[in-house]
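This report describes some of the packing of helices and strands in a structure. The sequence and the model come next.

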Amino acid sequence: MRKTLSLALPLAALVLLAAAPLVASAYQLGLLLGMATYVTLASAWALFSGHTRYISLATVAFYGTGAYTVAVLNESLPYPVVLAVAGVIGAGLALVVGLSTLRLAGIYFVIFSFGLSELIRELITWYEVNVTGTLGRYIFLDITARGIYWQMLALGAFTIGLTAWIHRRRLGLALRVIGDDETVAAHSGIHLARVKLIVFVLASTIITLAGAIASPRWVYVEPSIVFNPTVSFLTVIMALLGGANRLWGPALGAVPLFLVFEWLSSDFPDTYPIILGLLFIAVVFVLPNGVLAGIERLRQRRKA
Amino acid sequence: MSFLSIEGATKRFGGLTAVDNVSFTLEQGEIVGLLGPNGSGKTTLINLLSGALPLSAGRIALQGVTLSGRRADTVARAGVARTFQLVRILPSLTLMENVMIPAVFGAKAHWGTAAVAVANDALARVGLAGRETGLAGDLTYIDQKRLELARALAAEPSLLLLDEWLAGLNPTELKQGIALIRSLTDSGLTILMVEHIMEAVRTLCPRALVMNSGALIADGPTAEVLADPHVVAAYLGQVDADA
């Protein structure tokens, strides 16, 4: 019964969400797309970071790379091929980054991942200014907002489905062991580098695709827009708020926070960064393991 | 061919030679004590054996298969399991999951009911049967030690390395611990145990190795080794050992 419910409820929600654009206004559709995007980003981020506890601030490095790939190729290749190329570039980039950095632990990995985003932004800026001579690019694709939303919804559903599937496999168990103690993991026969690399590449490819899918909404693209570090920070705080090591945690954190940020950035544009910082601190202090774990603890306390 | 052979194992950390040209062999089913004062290189030697640290020189082979130069995970899959001097459990995982891990990722790659069966068996052997759904982080110190041993056993190893597994137990627990280790040797498991508790070494190990300043200074029957003047000097200082 529980098993059928845990499959039927998400499927019903997915059908409802997929049908929503038929009745939603343009503004509401924009909100839905934003939520779908951040649910996808936070879930993909948590796929790797949730259990391994490698806090990555490289989300926007992949997200921006996906968007930029579309910006560069949208006039020369058909759209599905552009998406595929973006996925391949994201996977390749993740492979190189993963091979060189996943032996870094703790704070060093955090700083590296943040530096990576800045590095890619600067490289592309330098290339555009010195080689192509133009900084901005236009994306003219014949895709409606609805089309983008449906693609993003599908990618988000795929991400959560993939996470659920991995959690039930050896790979999921290996991730949890690595998160607790890498030494024990290695001495139990777990190939640390391979496990981390597989999942990092999977998560990064999804994030790259999310950037590629979202990019037509911008129309005009330049490095400072698509490589905005706030995206990385928002993704982390959303996943942490919901609970990064739970299947539905990142989605649960992404939806309310996206709406709050949307409201703050339109109604309080000047104080918005301050409130963002305060929220960040509050999440880490009050709910270090996320809302879902917090609710569970409350329930246990009531029982006891 | 010996079951385990260590030839000229050396580990240098910069200018310090923690393990200095150590050679010995173990036969299958042996239980051998590894003794020596603090800082003599015992744990480093265990780390070399388990693949936690790479050797600076020398060779380690288990049943003819070279282990030196391999990563810890491949050494584990070759049949080497260990416990740690400072107990290492996985606090956010249940007891069952803690113990299942080496069964799942080890040489036999069990999954599903087979992995659960191996883990249950290992938990029962250390006296933790029926507690598999609890979180490892909630265990007492002695139960954490038991859990760590169960995890090593679930790897179904041919060589078990115990790094002061009996340390910190009270007299009753010590008795249980000694009986537990003895029951393991009955199944043909080969054990190398670092231990400071002489009572345990005398009871369990017919043979003992002694290290001092990284070098192996004695290897033989436990009673003889413990009476060896060099060993006494290593523990008590040079005072009157030669007089």
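## A helix on a sheet

In chain B, helix α1 (residues 42-50) lies across β3 (31-35), β6, β7 (159-163), β8 (190-194) and β9, and it runs at about 150° to β7(B). Helices (H or I, at least four residues) and strands (E, at least two) are DSSP runs, numbered from the N terminus. Angles run from 0 to 180 degrees between N-to-C directions, and axes are lines fitted to C-alpha atoms, for helices over the stretch in contact.

The model is predicted: local features need pLDDT of at least 70 and side-chain atom pairs pLDDT 80 or more, while totals for chains, interfaces and linings use all residues. Residues are numbered from 1 along each chain as its sequence is written, and chains are lettered from A and ligands numbered from 1 in the order in which they are written.

## The sheet in chain B

Six strands form an open sheet in the order β6-β7-β8-β3-β9-β10 (chain B), with mixed pairing. Two strands pair if DSSP finds at least two bridges between them. The edge strands of chain B, β6 (80-82) and β10 (215-221), each pair on one side only.

Strand β9 (residues 207-212) of chain B runs antiparallel to β10(B), joined to it by six bridges. Met211(B) has Leu216(B) in β10(B) as its bridge partner.

## Two helices in chain A

Helix α11 (residues 229-242) of chain A packs against helix α12 (residues 249-267) of chain A at an angle of about 125°, with the axes 6 Å apart.

Terms used:
Contact = placed C-beta atoms within 7 Å.
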